[in-house]
Amino acid sequence: MLNGLRLKNALISGANNIIKNKEHVNELNIFPVPDGDTGTNMSMTISSGSKAIADLPEDVTTGEVIKNFVPNLLRGARGNSGVIMSQIFRGFVKELKGLDIIDVTALGNGVQHAAETAYKAVMKPKEGTILTVAKAGADKSMDLLVNGDTDDIIKFCDEVAAEMEGALLQTPELLPVLKQAGVVDSGGEGLMTFIRGALDALKGKATDFTVN
């Protein structure tokens with residue numbers, strides 16, 4: 001289960017990972033326009049949220065983390081990729097507001113709402129993008145909630161993240177322009193970069209939660 005401090009640290013760790021790897025994400029940016037700014041925009045967007053929770057105390061509640069993180073993320077959204085990322089978080093927290101502890105059920109429902117909200121925010125959703133990666137997480141979350149037998153939030157996150165990583169690797173098969181360039185979708189890579197960093201915090205692999 002996640003309390004406020006674990007949620008705060010996971011969000012900061014995920015944000016720091018995007019900031020650290022933004023140039024790699026930029027290099028993948030060829031769709032919809034090859035302007036090489038996906039990583040920059042996503043890092044600016046996510047850091048708007050992480051900076052807002054940096055000074056929250058160790059006894060912070062999940063509600064306080066969400067109340068500070070998401071509105072600032074939405075206000076700080078930059079570029080197409082940043083806006084979609086902000087909408088993913090806006091959908092994600094719909095299930096979490098008012099909860100002191102986030103369990104597997106709440107987390108799984110949050111992942112589903114994240115994908116739904118992101119799709120609705122795009123006028124013409126395109127598969128082979130960050131949306132496809134988010135949807136893979138939503139589908140896996142639903143499957144685990146219906147058929148799974150685990151209350152272990154780390155195991156749950158690992159299985160959902162693995163499904164999303166697989167969807168990311170398949171994005172070139174859905175967008176010919178990606179296959180021609182030999183890259184995965186930059187927005188999807190940005191989302192997974194955040195998730196990898198957040199998971200490192202949950203697993204104790206990341207220990208420095210200073211906001212970059």
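Biologist: Which residue forms a salt bridge with Arg 196?
Modeller: This is a predicted model, in which local features need pLDDT of at least 70, side-chain atom pairs count only at pLDDT 80 or more, and totals for chains, interfaces and linings use all residues. Residues are numbered from 1 along each chain as its sequence is written, and side-chain values use heavy atoms, without hydrogens and water. A salt bridge here is a side-chain nitrogen of Lys or Arg within 4 Å of a carboxyl oxygen of Asp or Glu. The closest N and O atoms of the Arg 196 pair are 2.8 Å apart, and the partner is Glu 165.

Biologist: How many residues apart are Arg 196 and Glu 165?
Modeller: Helices are DSSP runs of H or I with at least four residues, strands are runs of E with at least two, and both are numbered from the N terminus. Arg 196 lies in helix α10 (residues 186–202) and Glu 165 in helix α8. The pair links distant parts of the chain, with a separation of 31 residues.

Biologist: Is Glu 165 buried, partly exposed or exposed?
Modeller: Buried means under 20% relative accessible area, exposed means over 50%, and partly exposed is in between (1.4 Å probe, protein chains only). Arg 196, at 28%, is partly exposed. Glu 165 has a relative accessibility of 23%, so it counts as partly exposed.

Biologist: Which residue joins Glu 165 and Arg 196 in one network?
Modeller: Salt bridges that share partners build this network. Besides Glu 165 and Arg 196, its member is Glu 189.

Biologist: Which helix holds both Lys 135 and Asp 139?
Modeller: Lys 135 and Asp 139 form a salt bridge, with their closest N and O atoms 3.0 Å apart. Lys 135 is partly exposed at 37%, and Asp 139 is partly exposed at 44%. The two residues are 4 apart, about one turn of the helix, and both lie in α7.

Biologist: How many salt bridges are there by this rule?
Modeller: Side chains of opposite charge can pair when their charged atoms come close. Another such pair is Lys 179 with Glu 173, whose closest N and O atoms are 3.2 Å apart. The count by this rule is 5.

Biologist: Which residues gather in a patch of negative charge on the surface?
Modeller: Patch residues have over 30% relative accessible area and no salt bridge; like charges are joined within 9 Å, and nonpolar side chains (Val, Leu, Ile, Met, Phe, Trp, Tyr) within 5 Å. Asp 151, one of the members, sits in the loop between α7 (130–147) and α8 (153–174). Asp 151 counts as exposed because its relative accessibility is 70%. The negative patch consists of Asp 103, Asp 149, Asp 151 and Asp 152.

Biologist: Which residues form the positive surface patch?
Modeller: Lys and Arg count as positive and Asp and Glu as negative, while His and the chain ends are not counted. Lys 94, a patch member, lies in the loop between α5 (79–92) and α6 (104–121). Lys 94 is partly exposed at 46%. The patch is made of Arg 90, Lys 94, Lys 97 and Lys 120.

Biologist: What is the radius of gyration of the protein?
Modeller: The secondary structure comes to 10 helices and 0 strands, and the C-alpha trace spans about 50 × 40 × 30 Å along its principal axes. The radius is taken over C-alpha atoms, and the globule rule is 2.2 Å times the number of residues to the power 0.38. For 212 residues a compact globule would be near 17 Å, which agrees with the value for the protein, 16 Å.

Notes. Areas by Shrake-Rupley, 256 points an atom, 1.4 Å probe, with all protein chains shown as cover. Charge placed at Lys NZ, Arg CZ, Asp CG, Glu CD.
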